[in-house]
Amino acid sequence: MVTALEQPQFATERDPRLRLIIPTIVAIAFLMEQLDSTIITTAIPAIARSLDTTPVRLNLAITTYILTLAVFIPVSGWFADRFGARRVFALALFTFTLGSALCGIANSFGMLLAMRALQGLGGAMMTPVGRLILLRSFPRSGLITAMTYMTLPAIMGPVIGPLLGGLLTTYASWRWIFYVNVPFGCLGILAALRFVDDFHEQAVQRFDFAGFLMVGCGVALLQFGLESIGRPIIPVSATVLVLAAAVLLLLAFGRYARRVVAPAVDLTLFRFRSFWVGTLAGGLCRVGLNGVPFLLPLMLQVGFGMSPVTSGSLTFVGSFGALLIRPLLSPLLRRFGFNVVLIGSALVGSAAVAGFALIGADTPHWMIGLYVFVFGIIRSAQFMTSNTLSYADLPADKLSRATSLGGVLQQLSVSLGVSIAAMVLGLVAGETHIVTPERFHEVFLLTAIIPLLSIPGFLYLRAEDGVQVSGHVRKGSSRK
């Protein structure tokens, strides 16, 4: 007779079917959240006409969603520990799905903004808690598989979103960009309640409301400032003040967190080398690579005069590169280890970003598509490897806090990548604000420097870091 103590610890060991079912549930939720950040962009003119407002004003629908994400992601881990991961994940899916349906029936600009905030609240809890479910459902040896399912939607969402949004808006209605979430959300809720274990901590510290206010306001202001750089919402001087206030609030929280037993965000996670290398050095590399999904469609449409559908079709090819690298990542890490793959993908990624400067208006479409496909492979390899490393060596009791903090840093790396690319584009365009293909080429060359800045961080990795995940064994002793 098998006792409870002899039962496998992880759900995917108890039932092999869950190795596919659980990642699929979480991946669908992630894809819904990632799509929602970008799918609305191509529908803005149609929504503005329908709700009797201006496209510029409607940018607030994007900003509202992203700000709500930024505020509530940091505390999602506490809610999962307190109320159970399955319960919070299902509730987050319900909130996101309800917000999507209500966005679809919105008959005023104010209602749309309010429902976008509701969507953001659901997405803020859905993504980190989904990541936590994956980490606690797989043993460390299966972590690469789990993390690739988590990272794929983050890579594909920004690429698929504009194309899908354009197709739905053109051939159906802008309301369908929200309605499309409803059946997937309902299916995800039922599947989560049926197949996901309800992880929770036995003893949970009191909620740090003061810390939450500091972190939430600091991250929200930082996110708003970055959004204002990419899509001007307020004057430049006000943007500088907002960013300064954000930095001061976050620095104040850093001092406050040292005096509190259980702060809203656990900064002691940065004592784990694999976590800070994966999130900070990896995040810096992602900043450089995340500018491409913003710059490339602009260059193809504004610089080369392509239609939105043609541009979206070419950029969409990058998602196939993301799919290709998934089965190759485990053998790569086993053969070379985290440090070689991270450094190599940063170097090749930098060269690939610079390579977009060689694309011209007369470049055949098939060559552009092939190059975007190759870039998708490189970008995915970097993202998946750094994400996997971030959680490879963390103890189980740190995972819920780590997924919250990691989610914030990942969200900021996306925003910072777009904002820096937009800022550099504005600087090279000068006072004329005319963006020719040559100006885009200059921006690609300048942003290609950013991935190189992450390499010193990757050099801090030692032989033992992440080895229980990668299975890689290096000869010789670790660097002291």
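**Entry 1: Arg273**

I began with Arg273, which is partly exposed, its relative accessible area being 22%. I note here that the model is a predicted one. I then looked up the partners of this arginine. Arg273 forms a salt bridge with Asp465, and the closest N and O atoms of the pair are 2.8 Å apart. I recorded that this pair links distant parts of the chain, with Arg273 in helix H13 and Asp465 in the loop between H20 and H21, 192 residues apart.

**Entry 2: Glu464**

I found that Arg273 also forms a salt bridge with Glu464, where the closest N and O atoms are 3.7 Å apart. Glu464 lies in the loop between H20 and helix H21 (467–470), and Arg273 belongs to helix H13 (residues 273–290), so this pair ties together parts that are 191 residues apart in sequence. I looked up the accessibility of Glu464 as well: this residue is partly exposed, with a relative accessible area of 37%.

**Entry 3: Salt bridges in the model**

How many salt bridges does the count come to? I noted a count of 7 salt bridges. Among them is the one between Asp15 and Arg17, for which I recorded 2.8 Å between the closest N and O atoms.

**Entry 4: Helices H6 and H10**

I turned to a pair of helices, H6 (residues 85–104) and H10 (residues 181–195). Their axes are 9 Å apart, and the two helices pack at an angle of about 165 degrees. Angles over 145 degrees count as roughly antiparallel, and H6 and H10 are therefore roughly antiparallel to each other. I also noted the handedness: the crossing in which H6 passes H10 is left-handed.

**Entry 5: A nonpolar patch**

Which residues make the nonpolar surface patch of about 340 Å²? I listed Leu284, Leu446, Ile449 and Leu453. I then located Leu453 in the loop between helix H19 (437–447) and helix H20 (455–458). Leu453 counts as exposed, because its relative accessibility is 52% and the cut-off for exposed is over 50%.

Note on methods:
Residues are numbered from 1 along each chain as its sequence is written. This is a predicted model: local features need pLDDT of at least 70, side-chain atom pairs count only at pLDDT 80 or more; totals for chains, interfaces and linings use all residues. Side-chain values use heavy atoms; hydrogens and water are left out. Patches are made of residues with over 30% relative accessible area and no salt bridge: like charges are joined within 9 Å, nonpolar side chains (Val, Leu, Ile, Met, Phe, Trp, Tyr) within 5 Å. Accessible areas come from the Shrake-Rupley method with a 1.4 Å probe; for residues, only the protein chains shown count as cover. A salt bridge is a side-chain nitrogen of Lys or Arg within 4 Å of a carboxyl oxygen of Asp or Glu. Helices (H or I, at least four residues) and strands (E, at least two) are DSSP runs, numbered from the N terminus. Buried means under 20% relative accessible area, exposed over 50%, partly exposed in between (1.4 Å probe, protein chains only). Axes are lines fitted to C-alpha atoms, for helices over the stretch in contact, and angles run from 0 to 180 degrees between N-to-C directions. Angles under 35 degrees count as roughly parallel, over 145 as roughly antiparallel, 65 to 115 as roughly perpendicular and the rest as oblique. A crossing is left-handed if the near helix is turned anticlockwise from the far one by less than a right angle, and right-handed if clockwise.
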